[in-house]
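Subject: Structure handover

Hello,

Here is the structure I promised to pass on. Please open it next to this email and follow along.

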Amino acid sequence: MRRTTWWLATLAAVLLGVAAPAAAEVGVTADRILIGTSQSFSGPLVFPGTEEIAGIEAYLEYVNQSGGIHGRKIEWKWYDDGYKPQDAVANMKRLVEQDQVFCILINQGTSPVMAVVPYLEQKKVPLMFPFQGSSRLHGKKYVFTSFTYYDTQTQIVTRWLVEKKGFKRIGIIYQDDAYGKFFLNTLKKELEAKGLKIAAAESVKRGATDVAPQVAKIAQAGLDACLLALVPGPGAQVLKEAAKIGLKKTKLISSGPLTDEKFLILSGGVGEGVWGLSLWPDPVRDDSPAMQEYRKILKKYRPGHEPNRYNLYGYFYTKLFCEGLKRAGKDLTREKLIQALESIQNWENGIIPAVSFGPGDHQAQDQGFMVEVQGGRFVPVSGWLGIRDGKLVESPL
Amino acid sequence: MFWQLVVSGLATGCVYALVALGLTLIYRATEHVNFAQGELAMVGAFLGFTLHVHLQLPVWAAVLGGAVLGGAVGWVCELAVIRPAEGQPHVNVFIITLGLSIVLKSLAGMVWSHDEFPFPPLFSPRGVRLGSVVVTPLNLGTIAVALGIMVGLFAFFRYTRHGVAMRAVCENPEAAQLMGVEVRRVYAFAWILSAGLSALAGALIAPVLNLSTHMGAVVIPAFAAAILGGWGSFPGAIAGGMALGVIENLAGGYLAAQIKNMVPFLVVLAVLVARPQGLLGEREVRKV
């Protein structure tokens, strides 16, 4: 009798031991899901990086405290790549092969992101919402992208300026790298399609000390509007230099990622009247219920962090990721997560326009709205703008 | 546009010049090349910023306080990592200062974060129209401070005991020591003065560049300025800095985007080929 029990127990253990890994997915156990990412905890993008992580962690802790998703808590592992592509690749290999994460949530920067995509695609590891806007990630099965592509952003701004404002002489000051050239090239194409020519194009090297030459040339060109495809520091330098030489005739317009409170703070109050394309509602002042909830959760779980567009990004896309996890159901696998996300249609969220995905459509947002700096803040001057069938369309905010 | 670019370039060039002066000071006293000079400027500017924001000192007092504290940081660096390497080849010390620059940048990030901050300007950044040129008190103030410091340094080396001692140590450390000069004290003093000057330079450029831990990159144009003017020469550092600032701006204003960034360094190369001792450097002649 005792011997039989022992045998049965052994048999059961062996069966369970064989059965359990077959049913489960990498990084998923009965009570936890392990995710990871490689981010900028040092290097030039350290501020956006740490803020995105703060937003991610705030939302994940909120979810874990509310009982997790299908009874599973979400755990995470983050590594620093300092915006270096080779480090980003090494981190991803470590996350996938050694730590065995379920998926990657929100990494950052065009070059580090591009460097890791082939590897993640090959390993069939989902990459959720990298913080970048190059359209080259379009149509990848294991990648879901976040905000409006840089070329769509430029299309929206150019058409709004030409069609709604009747501007003709348009130029650009861009960062002298792949990022800046995304905006430059689309602007050229868009203007040519309207029978116009780019009236001035000036580049700024990252870490430049003086932008006086660029602003002087823009002033000389007598533009109606000048796009700024820069990061906040140099963007603020341009505003200060323009204020100094009294450049009033030309509207300065910040691109999507530049339309950020930091850009205004750094410019020291000379930004009044500047226009920009905004991808987000005002993180500090917008009082829709969804935005109030965001500030409440951020304050509770990451009290050292003031609301800004980077931690709002981390928060919002983690929320969307968790929506996918919920829809994927109890028997979570990587393939099911992708199917679940693809099933999302018109997901009303109170922060950006309703999100819809589908097979072959993994982009969360493709609109933005125009703002003007009034009294030191971005005030909307248009509805949500997007491009549908090659035409500029506007819908209420 | 020409004169506009010249004035703006002179102001930027003065900041290069101040950092280049710091490099020159340390080189003249110790024959070491200090790669951490830019980080000393950055830390000094952050210290001044902290005094202004947390102790609510007026900007001028905070900037001066930052220069004094920055000098103290220079002293600590000299005591902690440079002095132990005394007598080692220059290349060792150069690598030590390279490490020091990385350590200072990381420590500053831990204390103040790697975020960017708006730095209150010492002089008004509002433009004033003079004929066809718009200048700001910030531009003019920066130029005035740099020239004032150069005159002060000149007087210091010519008329004070410390200054004469430093020159003596530079010429011949052994002989100076035999004559009763405390060589180690002179080395420490060179670091303090150099770091203090760089802190001041940091505070002058921060309103334009924004205060951040990445500001240390200003050491690269400062090196170029010091070499252009004549490595080891004080007037050369000033002239080289101003020339580099103006060349950069004129290249940006009149040349195509693709080549403007390399023009300043082409000029440095051309000057060095034609005149290896730099614009104002002394030609070293070795008699065998």
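This is a predicted model: local features need pLDDT of at least 70, side-chain atom pairs count only at pLDDT 80 or more; totals for chains, interfaces and linings use all residues.

Residues are numbered from 1 along each chain as its sequence is written, while chains are lettered from A and ligands numbered from 1 in the order in which they are written.

The open sheet of chain A

Helices (H or I, at least four residues) and strands (E, at least two) are DSSP runs, numbered from the N terminus. Two strands pair if DSSP finds at least two bridges between them. In chain A, 5 strands form an open sheet with parallel pairing, in the order β2-β1-β3-β4-β5. Its edge strands are β2 (73–80) and β5 (143–144) of chain A, each of which pairs on one side only. Strand β1 (residues 32–39) of chain A runs parallel to strand β3 (residues 103–105) of chain A, and 2 bridges join them. A:I35 has A:C103 in β3(A) as its bridge partner. Helix α3 (residues 85–98) of chain A packs on this sheet and touches β1, β2 and β3 of chain A. The direction of α3 makes about 170° with that of β1(A); such angles run from 0 to 180 degrees between N-to-C directions, and axes are lines fitted to C-alpha atoms, for helices over the stretch in contact.

Two residues in loops

A:D99 sits in the loop between α3 and β3 of chain A. Is A:D99 buried, exposed or partly exposed? A:D99 is partly exposed, because 15 other C-beta atoms lie within 10 Å. The cut-offs are 20 or more other C-beta atoms within 10 Å for buried, 12 or fewer for exposed, and in between for partly exposed, with C-beta atoms placed from the backbone. A:D99 and A:I35 are 64 residues apart in sequence, and their C-alpha atoms are 9.2 Å apart in space. Two residues are in contact if their C-beta atoms, placed from the backbone, lie within 7 Å. Apart from neighbours within four places in sequence, A:D99 is in contact with A:L34, A:G36, A:K77 and A:R94.

A:S134 is in the loop between β4 (127–128) and β5 of chain A. A:S134 has 18 C-beta neighbours inside 10 Å and therefore counts as partly exposed. From A:S134 to A:Y149 is 15 residues in sequence and 5.5 Å in space, C-alpha to C-alpha. Again leaving aside neighbours within four places in sequence, A:S134 is in contact with A:T110, A:Y149, A:Y150 and A:F182.

A buried strand

In strand β6 (residues 170–175) of chain A, 6 of its 6 residues are buried. In a regular strand the side chains alternate between the two faces of the sheet. A:I170, A:I172 and A:Y174 point one way from β6(A), and A:G171, A:I173 and A:Q175 point the other way. β6(A) runs parallel to strand β8 (residues 225–229) of chain A, joined by 5 bridges, and A:I170 has A:A225 as its bridge partner there. β6(A) also runs parallel to β7(A), again joined by 5 bridges, with A:G171 opposite A:A200.

Two helix pairs

Two packed helices are described by the angle between their axes and the distance between the axes. Helix α5 (residues 150–164) of chain A and helix α6 (residues 178–193) of chain A pack at about 45°, with their axes 9 Å apart. α5(A) and α6(A) are therefore oblique to each other; angles under 35 degrees count as roughly parallel, over 145 as roughly antiparallel, 65 to 115 as roughly perpendicular and the rest as oblique. The residues of this contact divide into 5 nonpolar, 4 polar and 2 charged. Here Ala, Val, Leu, Ile, Met, Phe, Trp, Tyr, Cys and Pro count as nonpolar, Asp, Glu, Lys and Arg as charged, and the others, Gly among them, as polar.

In chain B, helix α9 (residues 219–229) and helix α10 (residues 234–254) pack at an angle of about 120°, with axes 7 Å apart. That makes α9(B) oblique to α10(B). The residues of their contact divide into 10 nonpolar, 4 polar and no charged.

Between the chains

How many residues of chain A are in contact with chain B? There are 27, and they meet 27 residues of chain B. On the side of chain A that touches chain B, the residues divide into 11 nonpolar, 9 polar and 7 charged.

Regards
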